[in-house]
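Please consider the following model with attention to its aromatic side chains and their surroundings.

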Amino acid sequence: EYGVLFLFILLNRTKNNIYLMAIIAAAFLLHLYYIQITPVNIRQHDLNGIMLYMHLITLNGINIFNFNPWHMYYLFHQPLHFIIAGYLFSAEIYLWNSRTLAAEGLQYLSLLYVTLTTLIAAGIFKELKITGKTFYACVTLFAFHPTFILFSGYISDDVPTIFWSVFIIYFIILWYKTEQSKYIACAAIGFGVGVLTKLSVLMLVPALCFIFIHKLFTTRENRQKIIQQLCLFIIIAVPLALLWIIRNHILFDMQFYNIPDTSPAGQNFKYLTLQERIGDFSMLFQPFINVPEVSDANIFLALIKTELFGEWDLSLIHPIIYWPAFALYILNIFIKIFALAGCLLIFCNSSKHHPAVVMLAILYLTVWGYAIKYALDYPYICSTDFRLFAQLILPETVLLSAILAKKIKSTAFLTITVIYAVLNCFIYIAGI
């Protein structure tokens with residue numbers, strides 16, 4: 001991780017990038033501090049399930065024929081992250097002769113993913129011609145997002161999922177701009193590997209379809225070249241993405257998509273109505289969720305709360321953070337309102353915006369739509385944990401820049417993001 005950051009600094013030693021380097025470095029140090037102070041079992045969702053699947057999938061080395069996930073608790077998870085983390089875990093046990101230290105070491109893999117995700121996101125903002133104070137506001141909002149602080153300590157497949165999603169978007173934007181095959185090949189590899197990491201990457205499909213169709217029908221010259229490049233994407237991405245699913249179906253007759261009913265008793269909303277799931281605001285002024293004692297049936301509020309603080313209440317041990325956390329929670333509600341307004345603004349004036357911005361707006365609506373569907377299909381507390389839908393962070397940041405920087409002022413947008421970052425830093429330093 002230090003090497004990645006050092007390389008980034010070396011490649012960006014200009015006066016114009018001094019603020020960018022400072023933001024990235026400060027966020028990196030915050031994430032590093034978080035994982036140095038926080039044990040791997042703190043605010044970690046389903047640690048036992050993760051460790052068991054990692055162990056079983058790498059137990060007999062690379063054995064692509066005999067490993068049968070059909071009766072496993074984590075059978076619905078794609079394998080790539082657990083294979084990488086599993087072998088890294090085994091190597092760390094060999095080096096340090098301690099399973100505890102090896103598990104802690106996996107957090108640094110997550111830190112690497114988070115750092116790379118932030119660097120690529122900064123590249124996306126540049127490609128979208130977001131400049132000046134608005135650019136630094138976007139980078140600040142993204143880099144200091146509380147979900148990335150939590151992700152730095154997670155060892156689940158949620159972390160590489162957001163990395164591959166941002167990776168795909170970046171190379172799709174470069175391809176749209178240059179029409180070079182190498183970029184769409186990189187995006188295709190990212191898509192295939194991303195789906196092998198977690199099926200959530202498939203939520204990019206509607207947005208990618210839009211950008212492909214838009215490029216195809218707005219290109220007057222070299223249309224045949226564009227068709228060939230789209231075929232290249234399909235040839236690379238589809239086999240990679242379906243590799244694990246088809247393997248399990250052929251060898252073990254597994255369903256193509258299956259999520260078992262494994263949520264613990266007492267953590268469900270099965271008997272609540274749709275109106276209660278989306279219209280119950282009785283917990284509006286309770287900023288924390290503390291599973292299983294305190295939960296929120298409202299899908300939107302639960303996602304907003306877990307986005308900031310995860311599934312466990314930070315204030316139980318450190319009451320000093322309550323009011324800063326409450327302020328951050330209220331600020332986040334307004335951020336969601338403005339992001340939705342930005343989305344509507346883009347769709348109402350789509351011709352005035354870069355097609356990639358419209359693509360991100362489509363991704364924003366897709367992920368929110370799936371989040372609601374998933375929460376209703378699987379009515380459990382853990383189904384409304386924001387970590388499952390972290391792909392919202394990038395489009396939300398761009399949508400905010402579209403509405404706040406243009407309709408208010410870039411200075412006001414930057415001020416809001418600085419307040420947002422400071423509150424996050426205080427909460428996660430004082431509240432650990």
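K215 is placed over the face of Y176, 4.5 Å from the ring centre; a charge sits over a ring if NZ of Lys or CZ of Arg is within 6 Å of the ring centre and within 35 degrees of the ring normal. The model is predicted: local features need pLDDT of at least 70, side-chain atom pairs count only at pLDDT 80 or more, and totals for chains, interfaces and linings use all residues. Residues are numbered from 1 along each chain as its sequence is written, and side-chain values use heavy atoms, with hydrogens and water left out.

A pair of aromatic rings is described by the distance of the centres and the angle of the planes. Rings of Phe, Tyr and Trp (its six-membered ring) pair if their centres lie within 6.5 Å, with planes under 30 degrees apart counted as stacked, over 60 as edge-to-face and the rest as tilted. A search of the whole structure finds 29 aromatic pairs. The pair of F125 and F142 is edge-to-face because the ring centres are 6.3 Å apart and the planes stand at 80°. F125 belongs to helix α5 (residues 99-127) and F142 to helix α6 (residues 132-143), so this pair ties together parts that are 17 residues apart in sequence. Helices are DSSP runs (H or I, at least four residues), numbered from the N terminus.

The rings of F167 and F171 form a tilted pair, since their centres are 4.7 Å apart and their planes at 50°. Both residues lie in helix α8 (residues 158-178), four residues apart, about one turn of the helix. F167 and F171 also join Y113, F163, W164, Y170 and Y183 in a cluster linked by ring pairs.

Terms used. Helix = DSSP H or I, 4+ residues; strand = E, 2+ residues; numbered from the N terminus.
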